Amino acid sequence: MAHADFKPLQLQRFVELGLTIPPTLVTNDVEAARKFAAEHERVICKTFRGLPPGGDGYTGAIWAQRVDPDTFDAALAVTAHLFQAEVPKTADARVTGVGRRVFAQQLAAPNGALDWRRGDWDELVHAPITVPSPIEAALHSYLASFGLLFGCFDFALTGDGDDPAHWTAIECNPNGQWGRLPDAPAITTAFADILSTEGGGRR
């Protein structure tokens, strides 16, 4: 799971499986970052992993955020950064894969947040969405390539979602949260099926 949590590797695997990803640059070179930003209208920066637990025992998070290339300076050279061109999305999609089953919800944040995880989850608008067959097949192959039976995939939608070209792969959380999703009961049942039947005899 730790191996599958590394975002640059995730993006590479998405491309290998034929999925679309945002234009991406991983660098600690200031000039390279400025050049990348100049080539795209808006650029976001993401962390590679979550923050370590604080004094209260809870882990923290730094959400995806837009960055101003005018602020790029020598401090950028301290470590690698993950920059991406912002996708002009119409909505987000969270696809939860459990075994051979997928559960998909289209998400809309009332305030149009860049990263839907940043706001009040109780205000998110959910709607079931059908995952195009080529996208679903790629997700199954993705999980299998990491030896996983579960993963929460995030996509940016650039259309109504009917066309696979509308789906831009953002990341996969191999230990993602799903308890607040409308289809949580069905996801729970899928887990129980794996543990009680499909998973029988596996160690």
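Colleague: Across which strands does helix α2 lie, and at about what angle does it run to β1?

Modeller: Helix α2 (residues 30-38) lies across β1, β2 and β4, and runs at about 165° to β1. The axes are lines fitted to C-alpha atoms, for helices over the stretch in contact, and the angles, from 0 to 180 degrees, are taken between N-to-C directions. Helices (H or I, at least four residues) and strands (E, at least two) are DSSP runs numbered from the N terminus. This is a predicted model, in which local features need pLDDT of at least 70 and side-chain atom pairs count only at pLDDT 80 or more, whereas totals for chains, interfaces and linings use all residues. Residues are numbered from 1 along each chain as its sequence is written, and side-chain values use heavy atoms, with hydrogens and water left out.

Colleague: What makes β1 and β3 edge strands?

Modeller: The open sheet has 4 strands in the order β1-β4-β2-β3, with antiparallel pairing. β1 (24-27) and β3 (65-66) each have a single partner strand, so one side of each is left without a neighbour in the sheet.

Colleague: Which residues of α1 are called buried, and what covers them?

Modeller: Buried means under 20% relative accessible area, exposed means over 50%, and partly exposed lies in between (1.4 Å probe, protein chains only). In α1 the buried residues are K7, L9, Q10, L11, R13 and F14. Their cover includes β1, β2, β4, α3 (133-146), β8 (150-157) and β9 (167-173). Helix α1 (residues 7-16) lies across β1, β2 (43-46) and β4, at about 40° to β4. It also lies across β8 and β9, at about 140° to β9. After α1 comes G18, with a positive phi near 85°.

Colleague: What is the handedness of the crossing of α1 and α3?

Modeller: The crossing of α1 and α3 is right-handed. A crossing is left-handed if the near helix is turned anticlockwise from the far one by less than a right angle, and right-handed if clockwise.

Colleague: Which residues make the contact between α1 and α3?

Modeller: L9, Q10, R13 and F14 of α1 meet Y142, S145 and F146 of α3, contact being heavy atoms within 4.5 Å. By class, this contact has 4 nonpolar, 2 polar and 1 charged residues. Ala, Val, Leu, Ile, Met, Phe, Trp, Tyr, Cys and Pro count as nonpolar, Asp, Glu, Lys and Arg as charged, and the others, Gly among them, as polar.

Colleague: What is the strand order of the sheet that has 5 strands?

Modeller: That open sheet has the order β7-β6-β5-β8-β9, with antiparallel pairing. Its edge strands are β7 (125-128) and β9, each pairing on one side only. The twist averages 25° from one strand to the next.

Colleague: How many bridges join β5 to β8?

Modeller: β5 (residues 91-98) and β8 pair over 8 bridges, with V95 opposite F153. β5 and β6 pair over 7 bridges, and T96 stands opposite F103. Their hairpin has 2 residues between the strands, and G99 there takes a positive phi near 60°. β6 is joined to β7 by 4 bridges, and β8 to β9 by 6.

Colleague: Why is β9 described as largely enclosed?

Modeller: Of the 7 residues of β9, 6 are buried, so the strand is largely enclosed by the rest of the structure.

Methods
Two strands pair if DSSP finds at least two bridges between them.
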